[in-house]
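Have a look at it alongside my notes.

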Amino acid sequence: MAMAVLACTAPAIAQEEEKVETTVAADVVNQYIWRGLDLGNVSLQPTLGVAYKGLSLTAWGSVGLESSDTKEFDLTLAYSIGSFHVGITDYWFNTGLDPENRYFRYDAHSTNHIFEANVGYDFGPLALQAYMNFAGNDGINANGKRAYSTYMELSAPFRFATCDWTAVFGFVPMSTTSYGTSGFAVTNLSVKATKEIRVTDNFAIPVFGQLVANPCSQKAYLVFGFTLQP
């Protein structure tokens, strides 16, 4: 019987893995905190993505309710195999080198785009991520040159008191105006809890709370949000 079950389910599993997956979702947060940096207040953050056999293309944005808040539009191309993944992100902000905030302006000295490469590995109880800006409107270092701003992060997921938790230790290894560091600095110590609120048998809303501290800037934040996803 076991062999018969395997013979029937294996093609079904393979067929399932070959499907193109689509993600349509939106987060609503009381504060937009990114890697320990304050980028705005109440924000709507939509996501649209497609994925096929480990390859994914994702569009993500953030729009604050206040006119002074950061507006952002990101495109990420990524590939994952097993526990290893690599990707490139094109960040666009409504502030930068171009006073007219043109999206299709990519000149290195007059663009609002930042291009970042990332690589990571998930060991199970611990995941390691590394990110580096390689082009666009990057910050400068202590010598006034392009910083190739780098951010690294260790994260550990765990289950506690009916919630899914993630603890994060993030740091910047060198000086850069992008993160406001003058050398090695810890910029992101955070813990996040997520729990689903079930509305019906087929629909639930994930809600999350996150405590974030940035020892480098001497700031701390308490973030609350929820995710809408069909």
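My entries follow, from the whole chain down to ring pairs.

**Ground rules.** I am working with a predicted model, where local features need pLDDT of at least 70 and side-chain atom pairs count only at pLDDT 80 or more, while totals for chains, interfaces and linings use all residues. Residues are numbered from 1 along each chain as its sequence is written, and side-chain values use heavy atoms, with hydrogens and water left out.

**Overall build.** I looked up the secondary structure and found one helix and 14 strands in the protein chain. Along the principal axes, the C-alpha atoms fill a box of roughly 70 × 35 × 35 Å.

**Surface and contacts.** I noted that 36% of the 230 residues are buried; buried means under 20% relative accessible area, exposed over 50%, and partly exposed in between, with a 1.4 Å probe and protein chains only. The accessible surface (Shrake-Rupley, 1.4 Å probe) comes to about 13,500 Å², and 65% of that belongs to carbon and sulfur atoms. For contacts (heavy atoms within 4.5 Å) with a separation of 6 or more, residues 24 or more positions apart account for 38%.

**Charges.** I counted Lys and Arg as positive and Asp and Glu as negative, leaving out His and the chain ends. Each charge is placed at NZ of Lys, CZ of Arg, CG of Asp or CD of Glu. That gives 13 positive and 21 negative side chains, with the centres of the two sets 3 Å apart.

**Cysteines.** How many disulfides does the structure hold? I found zero, taking a disulfide as a pair of cysteine sulfur atoms within 2.5 Å. Cys163 is buried at 14% relative accessible area, whereas Cys216 is partly exposed at 31%.

**Aromatic rings.** My search of the whole structure gave 16 aromatic pairs. Rings of Phe, Tyr and Trp (its six-membered ring) pair if their centres lie within 6.5 Å; planes under 30 degrees apart are stacked, over 60 edge-to-face, and the rest tilted. Tyr106 and Phe115 are a tilted pair because their planes stand at 35°, with centres 6.4 Å apart. Tyr106 is partly exposed at 41%.

Tyr151 and Tyr179 are stacked, since their planes meet at 15°, with centres 5.9 Å apart. Tyr151 lies in strand E10 and Tyr179 in the loop between strands E11 and E12, so the pair ties together parts 28 residues apart in sequence. Tyr151 is buried at 0%, and Tyr179 is buried at 6%. Ring pairs also link these two with Trp34, Tyr91, Phe93 and Tyr131 into a cluster.

Technical notes:
Helix = DSSP H or I, 4+ residues; strand = E, 2+ residues; numbered from the N terminus.
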